[in-house]
Amino acid sequence: MHPSLAPHLHNDCLQIIEELHRCHEEHPFRKFVGECNDIKRALDTCLKKEDLKRRRKNLEESRRRQKSMQEFYAEEK
């Protein structure tokens, strides 16, 4: 299962998302027997990389804010 494939949510994987949608449109019945599986696997890999990138960014931002708050409260004492 993957997250929402709305184009505005994914910058890095947009090409693969479009390719998967196109495959599903071109093969409405064969998609159920694995016609688009290779594209789906590529999309899963791309979304995983995108998620890890976002998580690292959020962790760095969280640590920066935490450090800033600690410095702020240290100055108040």
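Figure 1. The structure shown here, as in every view below, is a predicted model. The count of aromatic pairs comes to 1. That pair is formed by Phe72 and Tyr73, whose ring centres lie 5.5 Å apart. The planes of the two rings stand at 70° to each other, and the arrangement is edge-to-face. Phe72 is likewise partly exposed, at 41% relative accessibility.

**Figure 2. Overall arrangement of the chain.** The protein chain contains 2 helices and 0 strands. Of its 77 residues, 18% count as buried. The accessible surface of the chain amounts to about 6,800 Å², and carbon and sulfur atoms contribute 52% of this area. Among contacts with a separation of 6 or more, 52% are made by residues 24 or more positions apart.

Figure 3. Helix H2 spans residues 37–76 and comprises 40 residues. The distance from its first C-alpha to its last is 58 Å, close to the 58 Å expected at 1.5 Å a residue. Buried positions in H2 are Ile39, Leu43, Cys46, Leu47 and Glu50. Helix H1 is included in what covers these buried residues.

Figure 4. Ile16 belongs to helix H1. When neighbours within four places in sequence are set aside, Ile16 is in contact with Ile39, Ala42, Leu43 and Cys46. Ile16 and Ala42 are 26 residues apart along the chain, and their C-alpha atoms are separated by 7.4 Å.

**Figure 5. Leu47, a buried residue of helix H2.** Leu47 is located in helix H2. Its relative accessibility is 8%, so Leu47 counts as buried, the limit for that class being under 20%. Leu47 and Leu14 are separated by 33 residues in sequence, and the distance between their C-alpha atoms is 10.0 Å.

**Figure 6. A nonpolar surface patch that includes Phe29.** Phe29, Phe32 and Val33 make up a nonpolar patch on the surface. Together the three residues present about 450 Å² of accessible area. Phe29 is situated in the loop between helix H1 (14–26) and helix H2 (37–76). With 69% relative accessibility, Phe29 is classed as exposed, because its value passes the limit of over 50%.

Figure 7. Side chains of opposite charge can pair when their charged atoms come close. In this model the count of salt bridges comes to 8. One of them joins the side chains of Asp38 and Arg41, at 2.9 Å from N to O. Asp38 and Arg41 are 3 residues apart in helix H2, which means that about one helical turn separates them. Asp38 is exposed, at 60% relative accessibility. A further salt bridge links Asp44 with Lys40, the closest N and O atoms being 2.7 Å apart. Asp44 and Lys40 are both in helix H2, at a spacing of 4 residues, about one turn of the helix. Both partners are partly exposed: the relative accessible area is 34% for Asp44 and 24% for Lys40.

Figure 8. Glu61 and Arg64 meet through their side chains in a salt bridge with an N to O distance of 2.5 Å. The two residues lie 3 residues apart in helix H2, about one turn of the helix. Glu61 is partly exposed, with a relative accessible area of 31%, and Arg64 is also partly exposed, at 48% relative accessibility. A network of salt bridges links Asp51, Arg54 and Arg55.

How values were computed
Residues are numbered from 1 along each chain as its sequence is written. This is a predicted model: local features need pLDDT of at least 70, side-chain atom pairs count only at pLDDT 80 or more; totals for chains, interfaces and linings use all residues. Side-chain values use heavy atoms; hydrogens and water are left out. Rings of Phe, Tyr and Trp (its six-membered ring) pair if their centres lie within 6.5 Å; planes under 30 degrees apart count as stacked, over 60 as edge-to-face and the rest as tilted. Buried means under 20% relative accessible area, exposed over 50%, partly exposed in between (1.4 Å probe, protein chains only). Patches are made of residues with over 30% relative accessible area and no salt bridge: like charges are joined within 9 Å, nonpolar side chains (Val, Leu, Ile, Met, Phe, Trp, Tyr) within 5 Å. Accessible areas come from the Shrake-Rupley method with a 1.4 Å probe; for residues, only the protein chains shown count as cover. A salt bridge is a side-chain nitrogen of Lys or Arg within 4 Å of a carboxyl oxygen of Asp or Glu. The expected span of a helix is 1.5 Å times one less than its number of residues. Contact means heavy atoms within 4.5 Å.
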